[in-house]
Amino acid sequence: MNDRYCYWSVATGPDADRMERCVRSARAAGVFRDFHVLTDRPIADCECYDAYESDRAHGLFQLHYLKAGMTRLNYEGFVWLAPDTVFVGSPDDVLGALGRAPIHVPLEVDLTEVPSGAVWQSMELDRVRQLMTLLGVTGSPWLGRSDFWIVRREAIETVYELAVGFWHKAKEAGFSVEVSACLAFAQQMLGADIETHRLVRRPDLWGGATIGHFSAGLPDGKPWLWQPPLGGEPMEIRPAIVGLSRDGITA
């Protein structure tokens with residue numbers, strides 16, 4: 001069964017249709033890796049499993065399903081995809097994005113460079129930065145999204161404990177964080193060279209749409225201008241995998 005890595009997701013309700021589109025786009029792009037999806041209905045060309053009821057608040061269900069489900073599958077790596085994802089090409093060396101780290105989260109936001117009082121994904125970034133530093137992140141704390149990330153099988157338990165632990169520490173401190181911050185924290189605690197995990201180091205692999213991109217249609221494989229969240233210099237990228245969740249595309 002082990003072909004090194006698989007893609008996986010959770011897709012119920014309308015997300016099942018988006019996941020079906022995601023898989024169709026992958027096959028059209030020449031990607032024939034296995035897709036494992038927890039869902040409430042059959043999805044074509046996927047290995048499907050019943051999705052149990054879970055609290056979707058803050059996105060922590062990704063971590064719970066990772067621990068409960070993916071540990072039962074025999075792959076070296078697991079690549080999470082948000083259902084609202086499309087493939088426009090066949091990505092090269094996907095596991096290479098891990099480097100020597102057990103997890104890869106494309107990091108986009110340097111928290112030391114955002115203005116005081118900034119909020120992203122409903123999170124107070126000053127508090128996120130302070131908590132990351134308090135809990136052991138050295139250098140500049142970073143954030144990314146939770147629409148695409150990779151984890152090695154043997155690191156699932158460790159990633160789970162770090163990520164969920166970060167959420168609980170934030171709750172104890174009196175504020176809420178999203179799963180994106182939990183994953184970014186785990187990334188920075190487990191990855192020695194954070195620079196290699198910045199999104200701009202693998203612009204060929206994955207990119208998350210910014211507001212306004214692809215409002216007239218789905219990605220077609222042409223390069224496009226990626227704008228870092230919360231400002232910064234835009235950069236032309238041409239990723240094989242495009243996340244649409246932040247663009248509001250639901251068609």
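The chain has five helices and 15 strands, where helices (H or I, at least four residues) and strands (E, at least two) are DSSP runs numbered from the N terminus. Its radius of gyration is 17 Å, close to the 18 Å that the globule rule gives for 251 residues, so the chain is as compact as a globular protein of that length; the radius is taken over C-alpha atoms, and the rule is 2.2 Å times the number of residues to the power 0.38. Along the principal axes, the C-alpha trace spans about 45 × 40 × 35 Å. The model is predicted: local features need pLDDT of at least 70, side-chain atom pairs count only at pLDDT 80 or more, and totals for chains, interfaces and linings use all residues. Residues are numbered from 1 along each chain as its sequence is written, and side-chain values use heavy atoms, with hydrogens and water left out.

Helix α4 (residues 156-172) takes part in two helix contacts. With helix α2 (residues 61-69), the axes come within 10 Å and cross at roughly 155 degrees; axes are lines fitted to C-alpha atoms, for helices over the stretch in contact, and angles run from 0 to 180 degrees between N-to-C directions. That makes α2 roughly antiparallel to α4, the term for angles over 145 degrees. Leu-63, His-64, Leu-66 and Lys-67 of α2 meet α4 residues including Ile-156, Tyr-160 and Val-164, contact being heavy atoms within 4.5 Å. Six of the residues in the contact of α2 with α4 are nonpolar, one is polar and three are charged; Ala, Val, Leu, Ile, Met, Phe, Trp, Tyr, Cys and Pro count as nonpolar, Asp, Glu, Lys and Arg as charged, and the others, Gly among them, as polar.

The axes of α4 and helix α5 (residues 179-190) come within 8 Å and cross at roughly 125 degrees. These two helices are therefore oblique to each other. On the α4 side, the contact includes Leu-162, Phe-166 and Trp-167, and on the α5 side Phe-185 and Met-189 are among the residues met. By class, the contact of α4 with α5 has 12 nonpolar, one polar and no charged residues.

Turning to the strands, three of them form an open sheet of mixed pairing in the order β5-β15-β12; two strands pair if DSSP finds at least two bridges between them. β5 (85-87) and β12 (206-208) stand at the edges, each with a single partner strand, so one side of each is left without a neighbour in the sheet. From one strand to the next, the twist averages 20 degrees. β12 and strand β15 (residues 241-243) pair in the parallel sense over three bridges, and Gly-208 has Gly-243 in β15 as its bridge partner.

Note on methods
Parallel < 35°, antiparallel > 145°, perpendicular 65-115°, else oblique.
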